[in-house]
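Here are some notes for a reader who is new to this structure. They are set out as numbered points, and each can be checked against the display.

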Amino acid sequence: MERWLRNFFLFLSNNRMITRLAKKYGFHLGASRFVAGKNIEEAVIVIKELNKKGLAVTLDFLGEFVESEGEARDRVNQSIKAIEFIRRENLDAQLSVKLTSMGLDISEDLVLENMRRILRIAKWNDVFVTIDMEDYSRYEKTLNIFKQLRSESEHIGTVLQAYLYRAEQDLRELHEYEPHFRLVKGAYKESVEVAYQNKKDVDDQLKKLIKIHLLSGHYTAVASHDDKIIEYTKKVVKEHDIPFEQFEFQMLYGIRPECHEKLKDEGYTMRVYVPYGTDWFGYFMRRLAERPANLQFLLKGLFKF
Ligand code: FDA
């Protein structure tokens, strides 16, 4: 049943028509537990509360399925506005972007042009930008764009997904770029041809990636809510005397918030991924796929609606 629900929510997350309808008919159905607001002004209130508790943030303006250059430019302007807010309000925050929202499904040149605009403003304001990793059909293109941008900028990092068989090889090959990586299990529905389907295999590969990347000396963001992964990271850090400035933990806004503060209190850098915007549907469906029990928030939202 759990696997069936997971596949069902991942199918919904990839449906353009429902995504549009959800956007049009508003910010409802329990998404507000995981999404910080409809616009940057609302998100800033949440970020300030998190910063006050000593938690750092990475901010994501939600949006997938961008189909025109105009829509992509609008996303670029929103990202630039977010960077300017971060600096003006003196927030402890970075930015996360999805390349589909920068026009990846239109052309790679458009994405490069859009990302270079963002990175120019990011450099002036000293704000770090992470390229989120999307589904496997965009993986190769995303890595190529990352490599190109990394050779031009120090303010860019990306994500590797442990469920992909090739993740370890890519991690090793990318070390020449001195990358800042966020390491995750992976949130999309991928085929058995490219990805492990079994939790233990994914967990084992994530542990492997964490150890290799930490020992390489490059910055490592361990993005997981899984206690076993967090404990494993602490163990490697301790055994190999990894400096606390070389890694951080990351978790999603609204998920296990008690752990965010606990890790911060133990002295670790803890960064919360804070999404905002009206294009919340795909993001919310992936959170349901990870944990069908989150359906309760959708049901409560429906009841209020
Ligand atoms: P796992 O799924 O095994 O969960 C461990 C425990 O955490 C669960 O038992 C539950 O208690 C809690 N939990 C996990 N998910 C939950 C949820 N949705 N609701 C409530 N509780 C939950 N993926 C990707 O493909 N590309 C990306 O760019 C990113 N970026 C990213 C950034 C950050 C900051 C995080 C934390 C995660 C991502 N991800 C991602 C998502 C990631 O790939 C993965 O799908 C989720 O983090 C869930 O996996 P866990 O490692 O948390 O473990």
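1. Leaving aside its neighbours within four places in sequence, which residues is Val194 in contact with? They are Tyr136, Leu164 and Tyr165. Val194 sits in the loop between E5 and H8. The count of C-beta neighbours inside 10 Å is 13 for Val194, so this residue is classed as partly exposed. From Val194 to Ala221 there are 27 residues along the chain, and their C-alpha atoms are separated by 23 Å. Please keep in mind throughout that this is a predicted model.

2. The overall make-up comes next. The protein chain has twelve helices and eight strands. Of its 305 residues, 41% are buried.

3. Helix H11 covers residues 281-290. Nine of its ten residues are buried, so H11 is largely enclosed by the rest of the structure. The buried residues in H11 are Phe281, Gly282, Tyr283, Phe284, Met285, Arg286, Arg287, Leu288 and Ala289.

4. Two packed helices are described by the angle between their axes and the distance between the axes. For helix H7 (residues 167-174) and helix H8 (residues 199-216), the angle is about 10° and the axes are 10 Å apart. An angle under 35 degrees counts as roughly parallel, and H7 and H8 are therefore roughly parallel to each other. On the H7 side the contact involves Ala167, Glu168 and Leu171, and on the H8 side Gln205, Lys208, Leu209, Ile212 and His213. Sorted by class, this contact has four nonpolar, two polar and two charged residues.

5. Leu215 is another residue of helix H8. Is Leu215 buried or exposed? Leu215 counts as exposed, because 12 C-beta neighbours lie inside 10 Å. Leu215 and Tyr283 are 68 residues apart in sequence, and the C-alpha to C-alpha distance between them is 32 Å. Tyr283 belongs to the buried residues of H11.

6. Helix H9 (residues 227-239) has 13 residues, which should span 18 Å at 1.5 Å a residue. The C-alpha atoms at its ends are 18 Å apart, so the two values agree. Lys235 is part of H9. With 12 C-beta neighbours inside 10 Å, Lys235 is counted as exposed. Lys235 and Lys211 are 24 residues apart along the chain, and their C-alpha atoms are separated by 10.0 Å.

7. Asp241 follows H9 and lies in the loop between H9 and E7. The phi of Asp241 is near 50°, a positive value in a residue other than glycine. Asp241 has 6 other C-beta atoms within 10 Å and is therefore exposed. Glu178, also not a glycine, has a positive phi of about 45°. Where is Glu178 placed? Glu178 is in the loop between H7 and E5. Glu178 counts as exposed, with 12 C-beta neighbours inside 10 Å.

8. Lys123 belongs to helix H5 (residues 108-125). With 16 C-beta neighbours inside 10 Å, Lys123 is partly exposed. Its contacts, apart from neighbours within four places in sequence, are Ser153 and His155. Lys123 and Leu164 are 41 residues apart along the chain, with 32 Å between their C-alpha atoms. Leu164 was named above as one of the contacts of Val194.

How values were computed: Residues numbered from 1 in each chain as written. Predicted model: local features only at pLDDT ≥ 70, side-chain atom pairs only at ≥ 80, totals over all residues. Axes fitted to C-alpha atoms, helices over the stretch in contact; angles between N-to-C directions. Helix = DSSP H or I, 4+ residues; strand = E, 2+ residues; numbered from the N terminus. Parallel < 35°, antiparallel > 145°, perpendicular 65-115°, else oblique. Contact = placed C-beta atoms within 7 Å. Nonpolar A, V, L, I, M, F, W, Y, C, P; charged D, E, K, R; others polar. Buried ≥ 20, exposed ≤ 12 C-beta atoms within 10 Å, placed from the backbone. Expected span 1.5 Å × (residues − 1).
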